[in-house]
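Visitor: Please take me through this model, and set each label you use against the definition behind it.

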Amino acid sequence: MQRLLASSLVAAMPRWLPLADSFLRPRRLRRSPLPMLLYNRRSWSKPRKVSRGISMASRKANKQGEYCDKYMLSHIHWWKENMDRCRKPSSVQLTQRLVYSNILGLDPTLRNGSLKDGTLNMEMLQFKLKFPREVLLCRVGDFYEAVGFDACILVEHAGLNPYGGLRSDSIPKAGCPVMNLRQTLDDLTRCGYSVCIVEEIQGPTQARARKGRFISGHAHPGSPYVFGLAEVDHDVEFPDPMPVVGISHSAKGYCLISVLETMKTYSAEEGLTEEAVVTKLRICRYHHLYLHSSLRNNSSGTSRWGEFGEGGLLWGECSGKSFEWFDGSPIEELLCKVREIYGLDEKTNFRNVTVSLEGRPQPLYLGTATQIGVIPTEGIPSLLKIVLPSNCGGLPSMYIRDLLLNPPSFDVASAVQEACRLMGSITCSIPEFTCIPPAKLVKLLESKEANHIEFCRIKNVLNEIMLMSRNAELSAILNKLLVPASVVTGLKVEADILVNECSFISQRISEVISLGVESDQAITSFEYIPKEFFNDMESSWKGRVKRIHAEEEFGNVDIAAEALSTAVIEDFMPIISRVKSVISSNGVPKGEICYAKEHEAVWFKGKRFIPNVWANTSGEQQIKQLKPAIDSKGRKVGEEWFTTIKVENALTRYHEACDNAKNKVLELLRGLSSELQDKINILVFCSTLLIIAKALFGHVSEARRRGWMLPTISPLSKHCVVEESSSEMDLLGLFPYWLDINQGNAILNDVHMHSLFVLTGPNGGGKSSMLRSVCAASLLGICGLMVPAASAVIPHFDSIMLHMKAYDSPADGKSSFQIEMSEIRSLVCRATARSLVLIDEICRGTETAKGACIAGSIIERFDNVGCLGIISTHLHGIFDLPLSLSNTDFKAMGTEVIDGCIHPTWRLKDGICRESLAFQTARREGMADLIIRRAEELYMAMSTNNKQTASVVHNEPANASSSANGLVEKPDSLRNGLELPAGAFGLLQKEVKSIVTMICKKKLLDLYNKRSISQLVEVVCVAVGTREQPPPSTVGRSSIYVIIRSDNKLYVGQTDDLVGRLHTHRSKEGMQNATILYVVVPGKSIACQLETLLINQLPLKGFKLVNKADGKHRNFGISLISGEAIAAH
């Protein structure tokens, strides 16, 4: 086909000869960083300019050299397509000055367009040839510059203005200041572009010599630019890594291959359905999408993909996006393309992290994921936002989302559930769970750009793992979390090996990195030199590594700083003293030692201080030594700035000493990064484990607050058949996941599902809510999470499929009924005896008679399969059909008559409901009464003609069952399993803990003796240390707490939300590392009494309080009780 097309082009227009040759020549494997786009559905929109530019290249080859060889043609066409998409007037004008004879797009005939050897343009061209489809930013002094194609992209997408305005005699050129580089890169990568950054080699150069340059790094969508991060004291935001995705098809089904360049990993999920692939594409932001040639032929045998049946949904998802075809072995070819895209060596290995689908439920279908809000959908309550607290977003939320979209195997789900069970019962404090994106860890360590802040965060991760291992309660949770962490990372690590490695790495970081407690790295300070000078010179490298590793360099800085101070005192201070003592008729002389921030120098700044008559008085000799201050380029700074040779020499020595010290610090930081590269797998595993731990702890806390419970998961045999299947599901006290049972607005339902349900009910009667509730509870259960029910037994389904109302797709030319049939076809094909199938209002998009027959046939099919599920319908004609059913029950959403009107009860009952409440619903939504009355007349006439009676609800007596109150049983007692810190602070903590326990015990004993409380409660005072938080068992329980501040003062309070209150306190300045002691007490009234009592009694024990005024509460009559009175009890 390509040869035929090329031959036709040559015959028609000779000027297409160079382009035709690119078609006819043999293909070279992996010849470019991206595949050719010449034979692409969008490549032939406007070829005239391209061909003109290419032909111009051949005419200019003798003068300029061959910059547009056949290798570059596909890339130039790719840039041409991008230029055609420019819409801003300024960028459109720039594109008119481009030519397509070289990969930069420069016209050598325009001003500054020369491509001769030795020019900056030629240097940029050489860099561009290495990465032809990346925007090139080249460092030139204090700016990053771009020319040609790249300049147009900067103007169009980064909001920058072109250099030199829009003058038509100059090449397109744009750039950004060094300080704005990060913002520019964010703008470009957000639009899908990759950027190649070229840096200058810093340091002195010979006169008229061009600075050396090198490629310092790349910025890709999902992979930011990290060069230079090791020497700064701030963090860079790391987005989620964006994979290169490839899709192929085989006899097993669809295969989705995902390659992460940052992590050097890939996964190949085989046997996926079309819906599962579309779901994954819908939630995944990918860098490049490749479609394998196996997708061109679908099951109908046609070569036009998407024309019939299978493939249509996937084609609809991909057709509006940028993608490219590829051939050969899907995995190997895609890995080759990834190496080409990112400029990796051919020997670069990628680790296979594929999770086998063996024993795992099918990934969630797109319709299921959207209809319960796992994928955000307008108008659908988001399950993802409800299973976690509002402050638990980011990486933990992403883990829960991926867990729900890809339900785990039974073993993994059991491990997750057991971890949640343990989390709900522990009484010790828990770590903060430092979350670092694994991709960030890998990139910073491999590029050796991890700074001291990042190393401290890594150490926090390791210390939290070791803290969990030392505590009996947390250690059990740690062991359970090893299972899901192994699934996510593809690494298997034993607990003892993990702890030993964490201890070793943490110790190594402690040996090198300054943890902020050393006193030998204070910023230099001298009396007569401004503090800002030393702070600016030293703050960029002091406090990062321990001084012992750079003692010589640090010592040289101290010596140079002292020499600078001496020079300033000897040369400037006599002048200062003279200026202060001299009174002149020409005006008061001025003189002071100032810090010239822009020039990083300490100079003398003065006016009218030179004497009119030299009289050998004090300071005259120093004035004669002054000379005008000059900048780094030899220019005079100003009329008021002066220096001396001695001060300048001292400044030079000080700057050299600081540079040497800074370089030594960077050398140590990069050396540590290099050392930890061998431990990357352990660090990735630890980081992932803490992300999972934070996600599950957050889920347990929020679920307990909402009254959810852990279900019982029953395994199903892989070889289960209908006759042998004992699959059944019981959901007692089930309520919609988006309602809070504590607010009393949720209707509880008992669902005993041993077969397929055909569900009827009125409009607004809760059918759709029932389906969503059952679907969410089942999905949460098979993932090992808590469910919105009082108790539940849930089989570990092999798939959960929910189909709600379908809408038409004009773009695909399909009606809503066609879409519905296509989606239900997938459910019918995939359903097994171990599946849960939920269909809302089946066959609603066609006429009732035939729709009822199709629905009846589908119900029979599911009945024969033997799956569990619910099929809701308003097609009452189904019940008049001669259906052959053996595994199906009829259920209805109940109604009741109040004041002669029928109202829904939203409760599930046995039987069939033929009342739709259609007229009431229409009237409630504002339909005109005239229309409603006429509708009622027509309905009565139709009923009379057909000799039908009004629809009634056939209710059978429901099985009596008692539902639980939905609250998790509270543990009987609290105990502290964490070791107290050592030292003076530890003694203060022990003393406060002892006194608080004694006061609370005596007060509770007194209340028990007075019959104010029904039983005597054990008092256990629990400590929550720095970077720790209270356990989920405190959620919804009253407690009193004492905060021990860093100044040894105490704050006493009471709350029903200990986690939230502690978060509020620690968000205040100076309270980040505060330690808290708390006691869980029976009820808020008791907590208020104990709070007031402690506020009044702790000062009598010698403690200092910051909230004494709170002790004057009169509500409880105890503010005047003395310590002796308490002791008397």
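Visitor: What makes S29 and strand S31 a pair?

Guide: Two strands pair if DSSP finds at least two bridges between them, and S29 is joined to strand S31 (residues 1075-1080) by 6 bridges in the antiparallel sense, so the pair meets that definition. One of the facing positions is tyrosine 1041, which stands opposite tyrosine 1078 in S31. The names themselves come from DSSP runs numbered from the N terminus, with helices being H or I runs of at least four residues and strands being E runs of at least two. This is a predicted model, in which local features need pLDDT of at least 70 and side-chain atom pairs count only at pLDDT 80 or more, while totals for chains, interfaces and linings use all residues. Residues are numbered from 1 along each chain as its sequence is written, and side-chain values use heavy atoms, with hydrogens and water left out.

Visitor: Which other strand does S29 pair with, and in what sense?

Guide: Strand S30 (residues 1050-1055) pairs with S29 over 6 bridges, in the antiparallel sense, and there tyrosine 1041 stands opposite glycine 1053. S29 and S30 form a hairpin with 5 residues between them, and asparagine 1048 in that turn has a positive phi of about 70 degrees.

Visitor: How do you know that S29 (residues 1039-1044) is mostly covered?

Guide: Buried means under 20% relative accessible area, exposed means over 50%, and partly exposed lies in between (1.4 Å probe, protein chains only). By that cut-off 6 of the 6 residues of S29 are buried, with Ser1039, Tyr1041 and Ile1043 on one side and Ile1040, Val1042 and Ile1044 on the other, which leaves both faces covered.

Visitor: Why is strand S1 (residues 135-140) called largely enclosed?

Guide: 5 of the 6 residues of S1 are buried, so the strand is largely enclosed by the rest of the structure. S1 is joined by 4 bridges to strand S4 (residues 195-200), which runs parallel to it, and valine 135 stands opposite valine 195 there. On the antiparallel side of its pairing, S1 has 3 bridges to strand S2 (residues 143-147), where phenylalanine 143 is the bridge partner of valine 140. S1 and S2 also form a hairpin with 2 residues between them, and glycine 141 in the turn has a positive phi of about 65 degrees.

Visitor: What makes S17 (712-714) and S19 (749-753) the edges of their sheet?

Guide: The sheet is open, has 4 strands in the order S17-S21-S18-S19, and shows mixed pairing. S17 and S19 each have a single partner strand, so one side of each is left without a neighbour in the sheet. For S17 the pairing is with strand S21 (residues 791-795), parallel and over 3 bridges, and threonine 712 stands opposite valine 793.

Visitor: What lines the second largest pocket, and which residues lie nearest its centre?

Guide: A pocket is an open set of points on a 1 Å grid over the protein atoms alone, with protein on both sides within 12 Å along at least five of seven lines, and lining residues have an atom within 4 Å of a point. By this rule the second largest pocket is lined by 47 residues, of which Leu260, Met398, Arg401, Asp402 and Val488 lie nearest its centre. Among the elements that give two or more residues to the lining are strand S7 (253-260), helix H14 (395-405) and helix H18 (472-489).

Visitor: Which element gives the most to that lining, and is it mostly covered or mostly exposed?

Guide: H14 gives the most, with 6 residues, and H14 is also mostly covered, as 8 of its 11 residues are buried. Among these buried residues are Pro396, Tyr399, Arg401 and Leu404.

Visitor: Why are asparagine 112 and glutamate 600 classed as they are by accessibility?

Guide: Asparagine 112 has 49% relative accessibility and therefore counts as partly exposed, and glutamate 600, at 41%, is partly exposed too. Asparagine 112 lies in the loop between helix H5 (89-95) and helix H6 (120-130), with a positive phi near 65 degrees in a residue other than glycine. Glutamate 600 is found in the loop between strand S13 (590-596) and strand S14 (601-607), and its phi is likewise positive, near 55 degrees, in a residue other than glycine.

Methods:
On a 1 Å grid over the protein atoms alone, a cavity is a set of points where a 1.4 Å probe fits but cannot get out, and a pocket is an open set with protein on both sides within 12 Å along at least five of seven lines; lining residues have an atom within 4 Å of a point.
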